[in-house]
Amino acid sequence: MKNLCTKAANKLTVKEVHANYIIRCKARNLSEKTIELYTVHYSVFKRFLNDEEVLITDISLSILDKFTLYLKDRGCNDITILSYMRNMRSFLYYCMDEKIIDYFKIRLPKAEKRIKETYTDEELEVLLKKPDLKKVKFTEYKTWVFSNYLLATGNRISSALGLAIGNIDFENSLIQVDKVKNKKAYIIPLSNTLARILKEYLLYRKGEKDDYLFCDSYGNHANIRVYQDLLHSYNKKRGVAKTSAHLYRHTFAKKWILNGGDIFRLQKLLGHSDLAIVKEYVNMFGRDLSKDFEQFNPLDCMGIGLGKERIKLKKVI
């Protein structure tokens, strides 16, 4: 016999349950960006259902399959569809845990991972070339410093904009990153080059320890979109077509791997709680890892296993 919660669920609409789900997400202190994505994905699902009064108990695997096809018809690629279905699964598993619907297993669609785009060495040379401080405006100089920071740390743009000046420990060469996606603050090394750049920057930026390192024109917390636009204009001005801040994060990971850095330290530097995400970088940049492979491959370095004389195999009768 079904319990009372399940009986009550017979009259609950998808809209009502999802509203409670968002409240639960906020109570769990999920990031605003994550909750916003959940809300956007649900709005598309609601459009697919074409009826706000659909009962939550009517949602089944068949409905999810049709929703997947609906997304494909809308032109969504595999990665986008995977994101939608991952969020829908999270919502429906919440419903199952709350005994609102009966349990059924939800398998995510397979999606081929695309190689993450990065900045080339030639593009980096252009972007990181220091502007003439006697001629350049502060906004362009600040964007140059910001670009150097992103490449040197691999931080997300939100983490970089959340930094206070006091988060930079010049004495011990450390950076404390507080605003992170998984809510877990962590500490990363401060490179000598970045330290010199930031020290000079602070001579012009000034400010107290509690002030934001990268701020808006009034010293307040900067808007992510504003800094994305700054990078877009900065890159275009320098003749670089790529303009994404996140590409610096991918470039950091790629160069770390190609330079022989281990993935465990990379996981800590990027602030990932799951090593699987970091392993994706290794898989994505596998083609680049084949460069000079023989030079570092242990078997090739040993030079054994290949005799100088041709081996004559005995004929088997």
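This tour moves through the structure from the whole chain to selected strands and aromatic rings.

**The whole chain.** Begin with everything displayed. The model is predicted, and the protein chain has an average pLDDT of 85, with 83% of the residues scoring at least 70. The protein chain contains 16 helices and three strands. Of its 317 residues, 38% are buried. The accessible surface comes to about 20,600 Å², and carbon and sulfur atoms account for 52% of that area. Among contacts between residues at least 6 apart in sequence, 62% join residues at least 24 apart.

**Confidence along the chain.** Colour the model by pLDDT and select residues 1-7. Over this stretch pLDDT stays under 50, and the model has eight contacts for it beyond four places in sequence. Helix H1 (residues 4-9) has the lowest mean pLDDT among the elements, at 50, whereas strand S1 (residues 168-169) has the highest, at 96.

**The sheet.** Next, select the three strands. They form an open sheet in the order S1-S2-S3, with antiparallel pairing. Strands S1 and S3 (186-189) are the edge strands, each of them pairing on one side only. Now focus on S1 and strand S2 (residues 174-177): two bridges join these antiparallel strands. Which residue in S2 is the bridge partner of Asp-169? The partner is Leu-174.

**Aromatic pairs.** Turn to the side chains. The structure holds 21 aromatic pairs. Select Phe-48 and Tyr-70: their ring centres are 5.3 Å apart and their planes lie at 50 degrees, so the pair is tilted. Phe-48 belongs to helix H3 (residues 32-49) and Tyr-70 to helix H4 (residues 61-73), so this pair ties together parts that are 22 residues apart in sequence. Tyr-70 counts as partly exposed because its relative accessibility is 22%, and the buried class requires a value under 20%.

Then select Phe-138 and Tyr-201. The centres of these rings are 6.2 Å apart and the planes are at 10 degrees, so the pair is stacked. This pair links distant parts of the chain, with Phe-138 in helix H7 (residues 138-153) and Tyr-201 in helix H9 (residues 192-205), 63 residues apart. Are the two residues buried or exposed? Phe-138, at 37% relative accessibility, counts as partly exposed, while Tyr-201 is buried, with a relative accessible area of 0%.

How values were computed: Residues numbered from 1 in each chain as written. Predicted model: local features only at pLDDT ≥ 70, side-chain atom pairs only at ≥ 80, totals over all residues. Heavy atoms only, no water. pLDDT = per-residue confidence, 0-100. Helix = DSSP H or I, 4+ residues; strand = E, 2+ residues; numbered from the N terminus. Contact = heavy atoms within 4.5 Å. Pairing = 2+ DSSP bridges. Buried < 20%, exposed > 50% of the residue type's maximum accessible area, 1.4 Å probe, protein only. Areas by Shrake-Rupley, 256 points an atom, 1.4 Å probe, with all protein chains shown as cover. Phe/Tyr/Trp six-rings, centres within 6.5 Å; stacked < 30°, edge-to-face > 60°.
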